[in-house]
Amino acid sequence: TYAKMDTVSLSFNIDSPRWDQSTFVGRLKHFLNITDPRTVLVPEEELDQAKALVESCRAGLVPPGSSQEQLLYAKKLYDSAFHPDSGEKMNLIGRMSFQVPGGMAITGCMLQFYRTVPAVVFWQWVNQSFNAFVNYTNRNAASPISLRQIGVAYVTATSAALATAVGLNLYTKRAPPLLARWVPFAAVAAANCVNIPMMRQQEIINGITVTDDNNNELGRSRRAAVKGIAQVVLSRITMAAPGMIILPIIMERLEKFTFMQRIRVLHAPLQVLLCGGFLLFMVPAACALFPQRCSLALADLEVELRDSIMAKHGDKVPYVYFNKGL
């Protein structure tokens, strides 16, 4: 049910961004919209209807009686659940809209259960399994990856996270308690630097499709892939940083109070809820750090691709564009 039933303008373009994507604030509004965790509760049937409505609108066949508000909501559901490259429905766990409920549970447990090696190993393994789903789901879908490569990426990233976490856990046994609480973040940051590039290695090996300003394909670039993946790694570390750095300080202070010592059983649920509060803002904020439609100057491309573009278009294509993934 919609409170306001406005008419659809003749100039309405469902794929045109509602907010200016060249600014951080515009991108933040966009990602606040499509990473809304409430969308994970939307039934599959309604998601399919939203996709059908978006595709009809793209074809210029707006169903009679449709309002612009209905179309925008359908686009919100479409963007939250379907891959921007392939148009295929993404698995629930890998969607950015699942980052808050999934991430808050795992991050809260990593921050709570950091004192023993078995607990560190288990929760880092759970986190890297979750990350593997997310990284695979949000890759540039134009670059296929084999099951063997997925397996190698998963094992490598999990090993990096465990080595970092266990090593630092043992190293900080005699360190101040707060330093030990930051071990999970160090492990997550290290694993992200391995997990994402490994899961998206085909993009680095074979390059990703780059286009001109009008979405005309120009070729494949490995340098574009490296830039996109580097931005995603930085975004993911930024996404985790506030909760995993600030929350341990908060818990360190709170646990000194007598009332907190009496309710130790509630410490883990409290950390999970607080993690959720951080992620509710940090998921869209981290995604908004860099434009989804990334650009690269022609001069920074591989020599062969640059020469090929210049031979066909001269100096009419100063920049190329590509989807960096999330």
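Modeller: A polar contact is a pair of N or O atoms within 3.5 Å; within protein, one atom must be able to donate a hydrogen and the other to accept it, and residues adjacent in sequence count only if both atoms are side-chain atoms. By this rule, three residue pairs are in polar contact across the interface of domain 1 and domain 2, both residues of each pair being at pLDDT 80 or more. The model is a predicted one, in which local features need pLDDT of at least 70, side-chain atom pairs count only at pLDDT 80 or more, and totals for chains, interfaces and linings use all residues. Residues are numbered from 1 along each chain as its sequence is written, and side-chain values use heavy atoms, with hydrogens and water left out.

The two parts are domain 1 (24–82) and domain 2 (97–323), with bounds that come from an automatic or database domain assignment. Their C-alpha centres lie 26 Å apart. Contact means heavy atoms within 4.5 Å, and in this sense 12 residues of domain 1 touch 15 residues of domain 2. Buried area is the accessible area (1.4 Å probe) that two parts lose on being put together, summed over both. Between domain 1 and domain 2 this area is about 1,100 Å², and carbon and sulfur atoms give 75% of it. On the side of domain 1, Arg27, Phe31 and Thr35 lose the most area to domain 2, together 45% of what that side buries.

A salt bridge is a side-chain nitrogen of Lys or Arg within 4 Å of a carboxyl oxygen of Asp or Glu; the count between domain 1 and domain 2 is zero. Helix 1 (residues 24–34) gives the most to the side of domain 1 that touches domain 2, with six residues. Helices here are DSSP runs (H or I, at least four residues), as are strands (E, at least two), and both are numbered from the N terminus.

Some individual residues complete the picture. A residue is buried under 20% relative accessible area, exposed over 50%, and partly exposed in between (1.4 Å probe, protein chains only). Arg95 is placed in the loop between helix 3 (68–81) and helix 4 (99–112). At 3% relative accessibility, Arg95 counts as buried. Leaving out residues up to four places away in sequence, Arg95 touches Glu44, Leu47, Ser80, Ala81, Lys89, Met90 and Thr137.

Leu53 belongs to helix 2 (residues 44–58). Leu53 counts as buried because its relative accessible area is 19%. Beyond its neighbours within four places in sequence, Leu53 is in contact with Pro63, Ser66, Gln70, Leu71 and Ala74. The C-alpha atoms of Leu53 and Pro63 are 7.8 Å apart, although 10 residues separate the two along the chain.

Glu252 is found in helix 10 (residues 222–254). With a relative accessible area of 18%, Glu252 is buried as well. Apart from neighbours within four places in sequence, Glu252 contacts Pro177, Leu178 and Arg181.

Asn215 lies in the loop between strand 1 (208–211) and strand 2 (217–221). Asn215 is exposed, at 54% relative accessibility. Its phi is near 70°, a positive value in a residue other than glycine. Most residues other than glycine have a negative phi.
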